[in-house]
Structure formats: structure tokens, C-alpha cells
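Work through the two exercises below. Try each task before reading its solution.

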Amino acid sequence: MGELLLASGTVILAFAVHVLVWKIRLPRKQTRAIILIFFGVLAAVVITLPRIAGMLPVLGLREPVPLPVYLNIICFVVSIALAYMITYSAVEVDSPSLIMVLAIYRAGDAGLAVRHFNEILNDALLVEPRIRDLEFDRMATRNGEVYQLTAKGRLMARIFILHRRLLGAGKGG
Amino acid sequence: MTTGFLPVAAPLLCLMANVSVQMLAFRLRPEFGLLRSEYLGFAAGLAGVIALHLVHLSSVPLPGYGDIAGGALQSLISYAALGYCYFHFVNLGETARRIRLLRELQDGGGRLSHRQLLTRYNAAEIVGRRLKRLLGTGQIVLRDERYFIGNPAVLSIAKAMVMLKVLLLGKTSEYDA
């Protein structure tokens, strides 16, 4: 149980640091900052684990701390950090389905006219920001009106193309 | 202490089982649907985590209940988090706009003009696909040329996301100033 408590404490501490940093100043590359914070806090806990085990006997960690305990804590924190990072992408970027549902909800009891709905949900709102993201994340470069994939963008595209092909699924989107 | 290498490896091994079962289920029975294949894969992995823990416990001197529960819970949470990551990976391929744009660029030989990109993928397609899903699942309804909220499940998720945005970013949408 001590391992679980320590691993959970590490996640809570990393989340607290993340919220604190966000309140002070929003990082430009938010996902990268989340990875740095979670992995930084994890590294600090792993390095000081023998000392934590000695200082907090209530955790019941044997000394010297066995290797599986280190691996268990790392596996737990990394899994949750990755899951949070993925969830955070939905915080950073508005999903089209949620935009659509919220637009209808805000229209109230009268509902939202189909014509008005189609006017709101245009390329400028749904596609242009994501094209700019490709540039920002260095997945594509822009030369005038032409976009070109970078090596990073090509790799990402190939990973998803391969996975969709293995599934036998279409393009998606 | 229940610690050994098997509980450490269990979440990763069972993630592989999850991925294999999900892919196989969708590949063999596409009519089963992507979401159901994801649930099936996740359930198979979950059963694997439990089975591996039982195998581990049968091979070591039995620890106290607290250690058994703690070790099992830790593995289950790690597996659930990894399973959640895979669930989102599959959904990124299915619905993410950035991934689709990357695919279009790749299919276009790595270079496309802004106009070509928007011809291949645009708001009309994005909205059309999602409307089909939302209407099909009853999340929204169409009556007299107007859309209304039907089943409020997606609306509840949308509200939760807005709350999280306010908490972390201090705004309700990426389009807010």
C-alpha cells in the first residue's frame, strides 16, 4: 500500500506544480511543459526514494528499496502523466463536437436554426487553427501558400496511417 | 510486500493484449464498431491484469490484505491509464483534425497549397461526420430545420471540459481572447 500512496502522492504533487505554474504564467508549449513537470517531479521522487523510505517508515518500504518498487512507481506515474497529457489536449483545443453541442445548448429552448449552425461552423473556426498548429508544432512548414510536411510530421502521419491500415479503417477526421 | 517483476510488467503486457484484441475484433468484425472493439480490448486487458496478479500471489508468501489490495490497485490504475491512452490514440486516428490534415499532406506527396488542403478536408466534412454521429446517437435532434439538445451526455462532457478550461486556462474556449 505504501508504494501506491507514494506513487499517488507523486502524481498529486506534479499536478499541483502544474496548476501553480499555469497560474503564474501559461507556457507557450503547454504539452511539453506538462511532460517536463511530471517527469521532473517523478525524477526527484525516484532519486530521493531511499531517503523517503527512511523518513517515512509508515509507508512500509523495505531498505534498500527493491528495484521493482522503483519500476512500479515509475510505471504508475508515467501512465497517469500520459493519460493526463492526452486529456489536456482537449482542454487546449476545442473539439468540434463539443463546439456544436454547446452552440445548440446556448441557443436555448428555441433551438438553433440549421442555416445559422452552418454559418458558425466554418473553415476559419474548425480548420484554420489546426493548420496553424501544424506549423507551431513543427509538423509542417509554410512557404507562401504551400505547406510542406517536416520529418516529424511525416513520421506522425505514417504512424497513424499504419495503425488505420492495420485496423482496416478509412481516413477518419 | 507484494512487489515482484510480474505486477510491474502486468499493465504493459495487458496493454499489448488490449491492442491485439481490439485490432483483431475490429479487423474480423468491422460491423462490431470501433467503440465496441475498444471496450472489448480494454476488458480483455483488465482480465489479464487480474489473472497475472493471481498468478503472482500464488507464487509468493501471502502478504497482508493491505499489500494485496495496494499492489492490485496500483496495477489496475496503471493499466486503466495506459488503456485510456490507447483509447485516445485510436480516437485520434478516427476524429483528430490535425492527424487528418497530416494524412492529406502525406497523401498529397508531402506538399499541398492552402487551397488544396481545404478542398481535401474542410468544415463541411468535419461537421457532416459529427452531425451524423450526434444525430445517430440522439445527442442532438433535428426538428423543423432547427437543432435541439437530445440526450445530454455529450453536453455534460462539454460543460465539464469548459470547467476544466476555466480552472487551468482562465477562459472557456480556445477562441476567447
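**Exercise 1.** How do the axes of helix 1 and helix 4 of chain A cross, and within what distance do they come?

This is a predicted model, where local features need pLDDT of at least 70, side-chain atom pairs count only at pLDDT 80 or more, and totals for chains, interfaces and linings use all residues. Residues are numbered from 1 along each chain as its sequence is written, with chains lettered from A and ligands numbered from 1 in the order in which they are written.

*Step 1.* Take helix 1 (residues 2-24) and helix 4 (residues 67-92) of chain A. Their axes come within 9 Å and cross at roughly 40°. Axes are lines fitted to C-alpha atoms, for helices over the stretch in contact, and angles run from 0 to 180 degrees between N-to-C directions. Helices (H or I, at least four residues) and strands (E, at least two) are DSSP runs, numbered from the N terminus.

*Step 2.* Helix 1 and helix 4 of chain A are therefore oblique to each other. (Angles under 35 degrees are roughly parallel, over 145 roughly antiparallel, 65 to 115 roughly perpendicular, the rest oblique.)

**Exercise 2.** In what order do the three strands of the open sheet lie?

*Step 1.* The order is 1(A)-3(B)-2(B), with antiparallel pairing. Two strands pair if DSSP finds at least two bridges between them.

*Step 2.* Find the edges: strand 1 (112-113) of chain A and strand 2 (140-143) of chain B each pair on one side only.

*Step 3.* Two bridges join strand 1 of chain A to strand 3 (residues 146-149) of chain B. A:Leu112 stands opposite B:Tyr147.
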